[in-house]
Amino acid sequence: MIWAKEETMSRAEIEAIQLQRLQETVKRVYEKVAPYRQKMEEAKVKPEDIKNLKDLRRLPFITKQDMRDNYPFGLFAVPKDQLVRIHASSGTTGKPTVVGYTKKDLEIWTECVSRIAAMGGATEKDVAQICFGYGMFTGALGLHFGLENMGAAIVPSSTGNTEKQIMFMKDFGTTLLVATPSYALRIGEVAKQMGIDPKTDLQVKIGLVGSELLTEAMRTEMHKLWGEDMLVTSNYGMSELMGPGVSGECEQLCGMHVNEDFFIPEIIDPKTEEVLPPGEKGELVITCIYKEALPLIRYRTKDITRLNYEPCKCGRTTVRMENLDGRTDDMLKIRGVNVFPSQIEEVLLGIDEIGPHYEIIVTRKDHSDILKIRVELMEPMDAYKELQALEKKIKQRLRIVLGLDAKIRMESPNTLQRFEGKAQRVKDLRKEV
Amino acid sequence: MFIKQLSVFIENQEGRLEEVLDVLREEQVSIISLSLADTSEYGLLRMITSNPEAGQAALKEKGFAAMLTDVLAVRLSHQVGKLQEILSHVCKAGLNVEYMYALSNKDDEASIICKISNGDEAAELLKSKEVALYSQDDIMRIFC
């Protein structure tokens, strides 16, 4: 089901809306947000210089650091009394980033999420269990209101107490699961330990996963646990931009449709900061063109993707962003080689004898980086040669993909840490030395 | 003809062996014989027990990679050359011993647990040479 007519407009119609909204937004922040005006003056650009969409690239970027520097409300374009909601990021490194919403912002957010939920197959008939942590994090409340707006029944179970989650799932007849991919796997595992087979004993047929990368290998693992007929889609967003609802996958599973009447995506080379042509891979930069409280312009997401403007088979004409490879932040440089954890994940999930959980540990010894990967042995073995052959297989496949040798540490099932929110599977211990 | 050996994968890490033994104690599974070898990262604990199925189920539930393997329990007399004699049959038949360890014995006899490359063939061969093999029932009767 296509939720809004704006998703099927012609390119010319989309661009007309974008230009008008961009011009209004730029004018407003220039007038109302001092740090923006200062940045624009430094870049020698004025609101009236934005004559077409290409002029967007004349505007300065905004980064997470700018948000921290202006903590908490310095980048807001409305007075505080117009806010109706305030969220914040976890702020694991330094001050958290704070985001605010007016009444109208919340309506738009809800609209955006209803669209991506519809892309992922949700309808008013669904019972949607939200296993994202509620609280300052935007994920849970974003999905909550978007799905509720659609008419689905919401089970706001949050994270934790996984056994109880599963009991609700069974007793309430939950049909739609909202979780991080890693927590969705965890719930499936725990269900099995309780003697409940997610495929046959539960009715969950839709998975809206987010807040963490969904690799194709991870999608396959989800199907193994939850059933081949489950529609597992990823969606994208971040609290700085609004929360979930920036883009989402449709049933064609060929990229995430961006809600272009609210957001303009660009791809840049993260080093030169030049805009790259459509189809090229680079860092995603997003401009919010229809927000009141916090309309960020050219926000550097640090996520790596590419854009595809071809209309989709689903009928939508909105631009699609490819599922993410990783973030520029996540990239590890090991012995001079660039490694995305998602590359390692793809290899590990392709090997049946080991489980879907893993931990990547990077250390340094004698000026050389050491990559060590902890995995769980799921198929018991009674011979050292079998264990050694498995270790060799993992190493060889990693070498093909990464061009690096890794140490493999095999452990018993269920020994590695499980995550309820964003999984943290990488430990880079080199910085601490 | 075969008996069930319980094999458990354990990380080479302080306390892990004790955890396995604790699970078996809780389950009232008695260990009749065992062999433990290690590498720098992990080891395999192989055991002949009073109730291999219950032991495996309990270990699996506690998150251990545990499995059952068919092995031969070969009865020997305490005589010089007895083990060599049996192995000579195995070698002549082109079979390979994958691992072997001793089984404690109450009488004036010895016995060994061994895993031979082609188990069925090895069992038939030893029977044809009139080598005595313990069955699972024998093990239970003699040792438990």
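This briefing walks through some features of chains A and B, moving from whole chains and domains to single elements. Please keep in mind that the model is predicted. Chain A is split into two domains, domain 1 (1-329) and domain 2 (332-428), while chain B has 144 residues and a radius of gyration that agrees with that of a compact globule.

**Chain B as a whole**
- You will find five helices and seven strands in chain B, and their order along the sequence is β-α-β-β-α-β-α-β-β-α-β-α.
- A compact globule of 144 residues would have a radius of gyration near 15 Å, so the 16 Å of chain B agrees with that expectation.
- The C-alpha trace of chain B spans about 45 × 35 × 25 Å along its principal axes.
- Buried residues make up 29% of the 144 in chain B.
- Taking the contacts in chain B with a separation of 6 or more, 68% are between residues 24 or more positions apart.

**Helix α2 of chain B**
- Helix α2 (residues 52-61) of chain B has Pro52(B), Gly55(B), Gln56(B) and Leu59(B) as buried residues.
- These four lie on the same side of α2(B), because the arc they cover around the axis is only 95°.
- Exposed residues Glu53(B) and Glu61(B) sit on the face of α2(B) turned away from the buried side.
- Just after α2(B) comes Gly63(B), with a positive phi of about 85°.

**The two domains of chain A**
- The centres of domain 1 and domain 2 of chain A, taken over C-alpha atoms, are 30 Å apart.
- Where the domains of chain A meet, 18 residues of domain 1 are in contact with 14 residues of domain 2.
- On the domain 1 side of this contact, the elements that give two or more residues are α7 (181-193) and α9 (216-226) of chain A.
- That side of domain 1 of chain A has five nonpolar, nine polar and four charged residues.

**A strand pair in chain A**
- Strand β1 (residues 85-88) of chain A and β2(A) run antiparallel and are joined by four bridges.
- One of the residues to look at here is Arg85(A), whose bridge partner in β2(A) is Tyr101(A).
- Strand β2 (residues 98-101) of chain A is covered on both faces: Val98(A) and Gly100(A) are buried on one side, and Val99(A) and Tyr101(A) are buried on the other.
- In a regular strand, side chains alternate between the two faces of the sheet.

Notes:
Residues numbered from 1 in each chain as written. Chains lettered and ligands numbered in written order. Predicted model: local features only at pLDDT ≥ 70, side-chain atom pairs only at ≥ 80, totals over all residues. Buried ≥ 20, exposed ≤ 12 C-beta atoms within 10 Å, placed from the backbone. Pairing = 2+ DSSP bridges. Rg over C-alpha atoms; globule rule 2.2 N^0.38 Å. Contact = placed C-beta atoms within 7 Å. Domains from an automatic or database assignment. Nonpolar A, V, L, I, M, F, W, Y, C, P; charged D, E, K, R; others polar. Arc of directions from axis to C-beta.
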